Amino acid sequence: MKMERCMRSYAVFFLLCDATGKREVIIITEEQIQNKIYSYLVTQNEHVILEHMPDHYYNLFWNSISILYEGGILTTAKSVEKFCNKLQLRGSYNRDKCLQGISEMVFWLYAIRRNYSFEIDKQLHTKNEKNNSDVDIQIVKDGYTFNIEVKTPNQVKKTDESILNITIPFRSFERKDIQDEEVRKINRDISQAIINNSQGKYTAYEQTKIDDNKVIEYLRSGQIKFTYEPNSINVLALSVPSQQMDNYWGYLYNPFSGIFTDQFSGKFFDKKKNEIKHSEFDKVDVVLLTNIVEGHKRIVYEFDSWKLENYCSIFCINPFSQRTMKHCDVDAYKYLLDILPNDTNRFEKERDERNLQGEKLGIPTDPIFFSEYLYNHYYKLR
C-alpha cells in the first residue's frame with residue numbers, strides 16, 4: 001500500500017491507497033492515543049505507572065505523552081503500538097521490560113525538549129559495516145553524532161523484608177581460592193551480628209549476586225550495535241536504582257577486577273572458558289551510569305520523574321576503546337558533556353577531594369562516597 005501523509009496541529013492524517021486505488025483516511029489524534037494507552041493501563045493493575053498513582057506522577061506521565069506526540073514520535077498507529085509494547089501495555093506484563101521502556105522514553109523526552117535532531121531505534125552502518133540491530137536513540141548536533149543504547153538490569157522485587165541482603169560489591173578474589181569455612185565465618189561474624197542487633201527487623205540473611213558479568217554482557221552487546229566513525233561517540237547508558245550505582249561504579253573501576261582497569265585481565269571468562277578481553281567492547285566509548293530507575297520504581301513526591309536532568313548521571317570513559325586508544329576525535333567527549341545532563345565533573349572533583357581527606361586520615365572513602373554524594377545532591381533519590 002502506498003502512503004501519503006500531511007500534518008495538522010490537531011491530528012495526523014494518513015491517506016492509504018491500495019492496489020485498486022481505493023482510499024481510506026486514518027486519523028490518529030492525541031486524544032485517541034491517550035484513550036488507547038489508558039485502555040491498556042486499566043487492564044494492568046500491577047503496572048509500574050499504576051503502582052505510584054499520586055496525581056503528580058500520573059499527570060506528568062500524560063503530559064509526557066503529549067510531548068512525545070508533539071515531538072513526532074507518536075504520530076502513527078504503528079508507532080503507538082510499538083510504544084505500548086515498550087511500556088508493556090499490551091498482553092502479558094513484564095515489570096523489568098517496562099522499566100527499560102521508561103528509561104528509553106526519558107531520553108526521548110529530553111531530546112524533544114532540547115529541540116535536538118534525533119532518531120529513535122536507529123540502525124547504524126558505514127560503507128564497510130552494517131548492523132541488523134539498532135541503538136535506542138541517535139542525536140546529531142554541531143556536526144557530531146551521539147549514539148545511545150540504554151540498558152536497564154532486571155530488578156529483583158524484594159518480597160520478604162525480614163531477609164537481610166548482603167552485597168559483595170565486586171570480585172576481589174576467586175571463590176576457589178578461599179575455604180568454605182572462611183566464608184561461613186564471615187557470614188556468621190558479620191551478618192549474624194547485624195541480625196542480632198536489628199531488634200527483630202531481620203530474621204535471616206542471603207548473599208546477593210554480583211552483576212559484573214551483566215555489565216560485560218551489555219558491553220559486548222554494544223559492540224554488535226555500534227560502529228566506529230569519526231566525529232561520533234557511542235554511549236552505553238545503564239539505568240539502575242540509586243542503591244546500585246555504587247556497585248556498578250565498582251564493576252567498572254574497582255582496583256581488583258574493574259572492567260575499565262588493567263586488573264581486568266584474566267578475571268573474566270566466557271562459557272567456553274575463553275578469556276574476555278577489552279578488545280571485545282572497544283567500540284563502546286562511554287558508559288553513562290544513571291539512576292533513572294529510582295524515579296519510577298517507587299514514589300518520589302514533588303519530583304518530575306520524566307526529566308533526564310533531574311537524575312544523577314555520570315560518564316565513565318572506556319580507556320580501552322578504539323577512539324580513546326587512538327587519541328582521535330577527543331573533542332566529541334567534550335561535546336558529550338554538554339549534550340546530555342551529567343554530574344561527571346562535579347562528581348570527580350568531590351571524589352578526589354574526599355579521597356585526599358581519607359588518605360590523610362588513613363581511611364578508605366570510596367565505599368561510602370556514592371551514598372554521601374547522592375545524599376548531598378539528590379536527597380529525594382538517595
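How many of the eight residues of strand β9 (residues 232–239) are buried? The points below start there. Keep in mind that this is a predicted model.

1. **Strand β9.** Eight of the eight residues of this strand are buried, so β9 is largely enclosed by the rest of the structure. Look at its two faces in turn. S232, N234, L236 and L238 lie on one side, and I233, V235, A237 and S239 lie on the other. Both faces are covered.

2. **Neighbours of β9.** Strand β6 (residues 144–151) pairs with β9 in the parallel sense, over seven bridges.

3. **The largest nonpolar core.** This core has 95 residues. Those with the most contacts inside it are I37, F61, M105, F107, I139 and L340. Helix α5 (residues 95–113) supplies the largest share of the core, 11 residues.

4. **A look at I139.** Set aside the neighbours of I139 within four places in sequence. I139 is then in contact with A111, Y116, S117, F118, Y144, T145, F146, I148, I339 and L340. One of these contacts, L340, is itself listed among the residues with the most contacts inside the core.

5. **Helix α4.** Which residues of helix α4 (residues 77–86) are buried? They are S79, V80, F83, C84 and K86. Seen down the axis of α4, the buried residues fall within an arc of 160 degrees, so they line one face of the helix. An α-helix has 3.6 residues a turn, so residues three or four places apart point the same way. The buried residues of α4 pack against α1, α3, α5 and β4 (117–125). Just after α4, Q88 takes a positive phi of about 60 degrees.

6. **Aromatic pairs.** A search of the whole structure finds 20 aromatic pairs. One of them joins Y38 and W62, with 6.5 Å centre to centre and 45 degrees between the planes, which makes the pair tilted. Y38 lies in helix α1 (residues 30–41) and W62 in helix α3 (residues 55–70), so the pair ties together parts that are 24 residues apart in sequence. Y38 is partly exposed, at 43% relative accessibility. W62 is buried, because its relative accessible area is 14% and the limit for buried is under 20%.

7. **A pair within one helix.** Y248 and Y251 form an edge-to-face pair, 5.0 Å centre to centre with 70 degrees between the planes. Both belong to helix α8 (residues 242–253), three residues apart, so about one helical turn separates them. Y248 is buried, with a relative accessible area of 2%. Y251 is buried too, at 3%.

8. **A ring cluster and two charges.** Ring pairs also link W249, Y253, F260, F347, F369, F370 and Y373 into a cluster. Elsewhere, look for charges over rings. The charged end of K326 sits over the ring of Y228, 4.7 Å from its centre. The charged end of R382 sits over the ring of Y379, 3.8 Å from its centre.

Note on methods. Residues numbered from 1 in each chain as written. Predicted model: local features only at pLDDT ≥ 70, side-chain atom pairs only at ≥ 80, totals over all residues. Heavy atoms only, no water. Phe/Tyr/Trp six-rings, centres within 6.5 Å; stacked < 30°, edge-to-face > 60°. Helix = DSSP H or I, 4+ residues; strand = E, 2+ residues; numbered from the N terminus. Buried < 20%, exposed > 50% of the residue type's maximum accessible area, 1.4 Å probe, protein only. Lys NZ or Arg CZ within 6 Å of the ring centre and 35° of its normal. Core = buried A, V, L, I, M, F, W, Y, C linked by side-chain atoms within 4.5 Å. Contact = heavy atoms within 4.5 Å. Pairing = 2+ DSSP bridges. Arc of directions from axis to C-beta.
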